[in-house]
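Please examine the sequence and the three-dimensional structure below before reading the notes that follow them.

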Amino acid sequence: MQEVKNPSKRPLVYYYIIAMLILMVLNMTFFPSVLEKKVQEVSYSTFMSMTLDDNIGKVQIEGEEITFTDKNEENIYKTTAIDSDSDMVQRVYDHGGDLSRIDTQPGLLTSILVGWVLPLVPFLLIGYFIRKRMQKSMGGMDGMMFGMGGGSGAKVYVPSSSGIRFADVAGEDEAKELLSEIVDFLHDPGKYAAIGAKLPKGALLVGPPGTGKTLLAKAVAGEANVPFFSIAGSEFVEMFVGRGAAKVRDLFKQANEKAPCIVFIDEIDTIGKKRDGQMMGNDEREQTLNQLLTEMDGFDGSKGVVVLAATNRPDSLDPALLRPGRFDRRIPVELPDLQGRIAILKVHAKKIRLAEDVDFEPIAKTAAGASGAELANIVNEAALRAVRAGRQYATQEDLQESVEVVIAGYQKKSRVLSDQEKKIVAYHEVGHALVAALQNHSAPVQKITIIPRTSGALGYTLQVDDGDHFLMSKDELLNKIATYTGGRAAEELVFHSITTGASNDIEQATKLARSMISRFGMSEEFGFVAFETMTNQYLGGDASLACSPETQARIDKKVTELVDEQYQKALGLLKDHEGKLHEIAGYLYEHETITGQEFMDILNR
Ligand code: ADP
Ligand code: MG
Ligand code: ZN
């Protein structure tokens with residue numbers, strides 16, 4: 001994709017007009033006095049002696065005033081004539097003087113060159129830099145410097161062969177299908193008009209960060225043979241009230257002129273937040289949003305302006321933006337499933353040199369829940385790791401290790417655990433894995449390690465799902481909680497003391513138990529009632545509780561009971577298999593890493 005031009009050049013015109021005016025004033029006042037040849041005032045006797053010395057060139061007589069030069073016509077002198085010297089002219093003639101005009105004005109060419117062309121060069125240079133700055137800062141500067149009108153600053157893209165295409169976006173087939181319909185419409189609006197079908201004016205790409213929303217929009221630009229205006233929501237937010245709205249107006253004006261075209265607003269939640277009647281309202285943002293709403297209503301959809309927008313906070317958007325006629329089509333861009341992850345790994349693996357026998361499936365399985373951006377990062381980490389090891393290409397092992405780097409951080413070889421700590425960590429991790437393996441519903445472990453990581457984890461268990469789960473049964477959730485508590489249970493069973501190492505497990509287990517009761521309706525006591533609502537689902541999710549304080553207390557009690565029940569279950573399982581616990585933990589302590597295969601071998605021995 002290549003940036004063509006900044007559509008707002010108007011302020012530059014003002015700049016050049018001002019530059020010309022400055023030059024004109026300079027030419028009328030300053031330059032002539034500099035350019036005019038220097039004339040020295042001398043006495044009449046100097047004139048006479050120069051004449052008698054034959055050191056005289058041109059002589060011009062104008063009434064009282066005599067202007068003359070020396071023999072070589074290097075300097076110009078001036079003196080006043082004396083009445084009594086009547087044979088002056090004859091004398092000058094006799095001594096080789098040339099009675100003619102002396103031009104003190106500079107030549108035309110020199111004056112144009114010095115007066116106009118030379119001074120223009122710095123002005124042109126400055127103008128060039130201003131334009132570059134404007135293209136970069138996308139119209140921020142013009143308004144600031146000249147205080148008048150100004151562009152939206154949207155960048156215009158035209159498709160080029162090097163651009164991003166749909167093929168570069170792996171997975172996300174539904175999103176691609178919906179978007180290619182839009183591309184198709186822009187190529188051939190007539191086909192749609194013939195049956196009277198109207199295409200949506202706007203489509204909203206929603207999904208968690210790093211799933212390829214921006215990438216998809218760029219791919220649309222690459223596929224569609226139409227101008228593509230791209231602007232980020234934050235660029236509308238300006239210091240001065242009214243500027244944002246002006247930018248929106250300008251953007252749509254340009255889009256209308258260039259139709260058919262695509263307007264892409266990234267991170268639209270910056271301007272599209274719900275307008276709430278709070279006292280501390282943000283006038284500027286509301287004005288910008290109102291202008292956007294008006295513009296989206298205003299343009300004629302059949303002309304072929306399609307507005308794309310992306311956000312990861314759809315629930316914070318103003319409902320007015322989402323109504324039909326504006327962003328009525330919603331395109332979910334979700335985290336990739338197993339097949340999607342494999343495809344994304346493959347797309348990015350094309351950019352690096354890989355060993356021939358690399359199998360992406362186990363990598364994709366380990367990286368459950370990773371976004372496209374994280375997968376791209378994993379592939380790059382693998383390449384970096386290969387370079388560090390001095391290899392020519394990345395191997396399966398590089399990829400496997402880089403998944404763990406992205407999940408848990410780098411290995412922290414410098415941190416030395418004491419013997420006792422290492423033992424505790426080994427039992428803790430095996431506790432998790434053993435509880436998971438003993439409840440047949442839980443996913444088998446893939447790898448356990450007790451090498452500390454830069455994320456602060458002293459050890460961790462990589463679990464692996466065989467497929468993607470969209471539903472989880474109550475039993476599965478309970479087993480999951482039991483697995484979380486398994487680490488702490490093992491510590492208690494073996495060392496009869498507990499450590500701080502389980503804080504993250506406790507948090508996860510509590511969160512899950514609370515969701516089961518207050519959101520999934522999975523307790524007999526409360527049944528089919530939701531007490532909690534989730535907001536911000538794509539950004540980690542915040543839960544807000546809505547119930548009476550009494551209910552809240554009962555929920556808290558229920559959560560405690562539920563987790564404790566699972567803790568006891570885990571403890572029981574570990575007690576029944578204490579021999580295996582010691583055996584596997586001993587192996588892990590010695591080798592620091594144990595694979596899922598080794599783990600199952602010892603367990604089934
Ligand atoms: P966001 O959804 O936050 O806008 P981006 O589109 O900026 O995410 O994606 C960031 C990077 O992640 C992309 O540049 C690309 O390298 C990678 N990526 C994300 N999703 C995909 C995908 N589906 N296929 C290929 N690469 C992807
Ligand atoms: Mg983005
Ligand atoms: Zn743990």
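The model is predicted: local features need pLDDT of at least 70, side-chain atom pairs count only at pLDDT 80 or more, and totals for chains, interfaces and linings use all residues. Residues are numbered from 1 along each chain as its sequence is written, chains are lettered from A and ligands numbered from 1 in the order in which they are written, and side-chain values use heavy atoms, with hydrogens and water left out.

- Helices (H or I, at least four residues) and strands (E, at least two) are DSSP runs, numbered from the N terminus.
- Both histidine 428 and aspartate 505 are buried. Buried means under 20% relative accessible area, exposed over 50%, and partly exposed in between (1.4 Å probe, protein chains only).

**Surroundings of ligand 1**

- Around ligand 1 there are 15 residues, of which Ala170, Gly210, Lys213, Thr214 and His348 come nearest. A residue is near a molecule or strand if one of its heavy atoms lies within 4 Å of it.
- A nitrogen atom of ligand 1 lies 2.8 Å from a polar backbone atom of alanine 170. Oxygen atoms of the ligand also take part: one is 3.1 Å from a polar backbone atom of glycine 212, and one is 2.8 Å from a backbone N or O atom of leucine 215.
- On its own, ligand 1 has 560 Å² of accessible area, and the protein covers 80% of this. Accessible areas come from the Shrake-Rupley method with a 1.4 Å probe; for residues, only the protein chains shown count as cover.

- Strand S11 (residues 305–311) is largely enclosed by the rest of the structure, because 7 of its 7 residues are buried.
- Val305, Val307, Ala309 and Thr311 point one way from S11, whereas Val306, Leu308 and Ala310 point the other way.
- Strand S8 (residues 202–206) runs parallel to S11 and is joined to it by 5 bridges; here glycine 202 stands opposite valine 307. Two strands pair if DSSP finds at least two bridges between them.
- Strand S10 (residues 261–266) is also parallel to S11, with 5 bridges, and phenylalanine 264 has leucine 308 as its bridge partner.

**An open sheet**

- The strand order S2-S5-S4-S3-S6 describes an open sheet of 5 strands with mixed pairing. Strand S2 (39–41) and strand S6 (98–99) stand at the edges, each with a single partner strand, so one side of each has no neighbour in the sheet.
- Strand S3 (residues 58–62) pairs with S6 in the parallel sense over 2 bridges, and lysine 58 stands opposite aspartate 98.

**Two buried residues**

- Valine 435, in helix H17, is buried, with a relative accessible area of 0%.
- Threonine 366, in helix H14 (residues 360–366), counts as buried at 4% relative accessibility.

Technical notes:
A polar contact is a pair of N or O atoms within 3.5 Å; within protein, one must be able to donate a hydrogen and the other to accept it, and residues adjacent in sequence count only if both atoms are side-chain atoms.
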